[in-house]
Amino acid sequence: MYRNIGKVVLSLALPLVLVVVALVAPASAQQSVRLQYRTSAPGATTAQAEPWFQLFNDGTTAIPLNQVKIRYYLTGTETYRFACSWAVVGCSTVTGQFVRQSGADQYLEVGFTSGDLAPGANTGDLQLRFYRADWQTFTQSDDYSYGSGTAYTNWDKVTVHVNGRLAWGRPNGTEPTPTPTPTVPPTGSAGVLFDDFTYSGPSDPRLAQRGWTVRSSSGGPGVPGATWSPSAVSFPGGLLTLDSTTNGTAAGTVQTELSTANRKFFEGTYAARVRFSDAPTGGPDGEHVVQTFFTITPLRYNLDPDYGELDFEYLPNGGWGEPSNILYTTSWETYQADPWQAVNTHTEERASFAGWHDLVIQVSGGRIRYYVDGRLFADHGDGYYPETPMWIMFNQWFIDLQAATGTRTYRQQVDWLYYSKNEVVPPADVTARVASLRAAGTSFTDTVPNP
C-alpha cells in the first residue's frame, strides 16, 4: 500500500510529480529532481539484481549530492550485499546500505559522499548491483521497485530524498526518518599499535608476548609441499626480514610469514614501511614470488560473506598471467577455493617498486583507500568493505616454481608497523607520528583493545 504521500496524491487528484514538488520544500520552484531507471538483469529470478539509475536536476539551483538518498524497495528479509559496478560520478563517491522496514520489507538506500548536480544536468549512469550474502539466486519480480525494462524511463517506484525530504517517487511500506548523511569519522584514536621490530630473532619471547606469531604450519598460499620456516625470519638492525628460498623443488622451497596473533584490527589506519626487491640475494632470478603487507580474516566456508582481506602484493617477476613487475592492491569480499571463484576488486600498476615504500591503508566510512609513499593508489569499497576484525600479516611466498637450477633467495624487509584504531590518519601524519615515537625511545606500544 502507498501511505501518507499516496493519500495526498489521490485526494488532490494532481499529477504525482507536481504534488511531490509542492510537498518537498518552499524552494521547490528552484529545485526539482527526477529519476530514471532501467535494469541490465531483467529476469524474474537472478543471482544478482542490477538496477541502473540516472538522476536529473530539472530545477534552477545546484543540488549537493551528499544531501541525496535514493531508495529501491525490496520484499523479503534476506541479507544482501551492495556494489557499484560503474558510475559517471565515480563509484568512489557512491554508497549503499540496506535498511529494514516493518514486516518482510527493506530497501536499498544509495547515497553520495561528494559532488553537485547542476541545474539541467544529470548524473549519467549509476550502474549498481546487489546480491544475496550467501550467493543464492532470488526472486526479484516481487520487489516493489523492480521493473523489467532495459531502456531508461522515468520511474516513480524508486524514491529520491533531498536533505531528508521526499522529492521524487512513491514510497513503499513504512518510511522511517531518512538516514542522515554520515558525519566525518572521529579524529581521535581508540588505540595504537606500533612496532619497530627490535627483536633478537624468531625465538625471541617478546614476539609472543607482544602478540606476534612466526608461522611454521604448512598449507597455502604458495607452492604445495613448501615449508613455512621460522628460521628464515630474522631482525637484523631492527628490520623484520623475510628470506624465502627455493631450489626449484617443493621440498626445497621455504616461505616466510609474520602475523598478529589476535584478530582485533578493523576500521582505522594501517601503515608499514616495506622494502620490496626485484632480484634474489643470490642465485638465478625469475621466480614468481609475492611480497606482501595485508589484513585478513579466516574463511569459515566457501563464499563466506564475513570474509575480508585487504592486500598490498608486489610481484617482481610477474605471475598470474603478468609477464613482469606489478603491484596489486586487492580488496576481497569472499572466495571459493574449489572450483576457484574470487569476489574481489583490485587496482594495479605495472612498474618496478623495488626499494623502500611507505604503505598505508585507511578503512573508514565504507571506503578502503590505499596509499604508496603518500600517493593515493586505489579507492575501493561497497561490497568489498570488511565486515569483521582482521589479522595483520607480512609474508613472502612463491606462486609456482620455474625451471632453473641453483638455490635462489628473495628478501622482503619491514622497518616498522603502525595502526590507529577508528582513526583516519593522513600518510604524512603517519610518518610524523612514527618519527615522534622513535624520538621518544618507544620501540613498541599496543593499546588496541582485544575484541
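Between which two strands is the loop that holds Asn163 found? Asn163 is found in the loop between strand S13 (158-162) and strand S14 (165-168). The points below treat the predicted model as a whole, and then selected sites within the protein chain.

1. Confidence. The model is predicted, and the mean pLDDT of the protein chain is 89, with 90% of its residues at 70 or more. Over residues 1-29 the pLDDT is below 50, and this stretch has 33 contacts in the model beyond near neighbours in sequence. The pLDDT is also below 50 over residues 176-186, a stretch that has 20 contacts in the model beyond near neighbours in sequence. Where pLDDT is low, the predicted coordinates should not be read in detail.

2. Overall architecture. The protein chain contains 4 helices and 31 strands. Its C-alpha trace spans about 85 × 50 × 40 Å along the principal axes. Of the contacts in the protein chain with a separation of 6 or more, 72% are between residues 24 or more positions apart.

3. Burial, surface and charge. The protein chain has 451 residues, and buried residues make up 52% of them. The chain carries 30 positive and 41 negative charges, whose mean positions are 5 Å apart.

4. Asn163, in the loop between S13 and S14, has a phi near 55 degrees, a positive value in a residue other than glycine. Asp373 is not a glycine either, and has a positive phi of about 55 degrees. Asp373 is found in the loop between strand S27 (367-372) and S28.

5. Cis peptide bonds. The peptide bond from Gly220 to Pro221 is cis, with omega near 5 degrees. Pro221 belongs to the loop between strand S16 (212-214) and strand S17 (227-228). Asp338 and Pro339 are also joined by a cis peptide bond, with omega at about -5 degrees. The loop that holds Pro339 lies between strand S24 (326-336) and strand S25 (341-349).

6. Aromatic residues. A search of the whole structure finds 31 aromatic pairs. Trp332 and Tyr335 form an edge-to-face pair, with 6.0 Å from centre to centre and 75 degrees between the planes. The edge-to-face label applies because the angle between the planes is over 60 degrees. Trp332 counts as buried at 12% relative accessibility. One aromatic cluster is formed by Tyr37, Phe53, Tyr72, Tyr80, Phe98, Phe130, Phe138 and Trp155.

7. The loop at Thr79. Thr79 is placed in the loop between strand S5 (68-75) and strand S6 (80-87). Its relative accessibility is 43%, and Thr79 counts as partly exposed. Not counting residues up to four places away in sequence, Thr79 touches Arg100, Tyr131, Arg132 and Ala133. The C-alpha atoms of Thr79 and Asp134 are 8.1 Å apart in space, while the two residues are 55 residues apart in sequence.

8. Arg129 in strand S10. Arg129 lies in strand S10 (residues 126-132). At 15% relative accessibility Arg129 counts as buried, because the cut-off for burial is under 20%. Leaving aside neighbours within four places in sequence, the contacts of Arg129 include Gln48, Ala49, Glu50 and Pro51. Arg81, Phe82, Ala83, Ser85 and Tyr384 are also among the residues in contact with Arg129. Arg129 and Thr297 are 168 residues apart in sequence, and their C-alpha atoms are 25 Å apart in space.

9. The loop at Pro389. Pro389 has its place in the loop between strand S28 (375-381) and strand S29 (391-398). Pro389 is partly exposed, with a relative accessible area of 28%. Apart from neighbours within four places in sequence, Pro389 is in contact with Arg263, Lys264, Phe265, Phe266 and Thr297. Asn262 lies 127 residues from Pro389 along the chain, and the C-alpha atoms of the two are separated by 9.3 Å.

Definitions and conventions
Residues numbered from 1 in each chain as written. Predicted model: local features only at pLDDT ≥ 70, side-chain atom pairs only at ≥ 80, totals over all residues. Heavy atoms only, no water. pLDDT = per-residue confidence, 0-100. Contact = heavy atoms within 4.5 Å. Buried < 20%, exposed > 50% of the residue type's maximum accessible area, 1.4 Å probe, protein only. Lys, Arg positive; Asp, Glu negative; His and termini not counted. Charge placed at Lys NZ, Arg CZ, Asp CG, Glu CD. Phe/Tyr/Trp six-rings, centres within 6.5 Å; stacked < 30°, edge-to-face > 60°.
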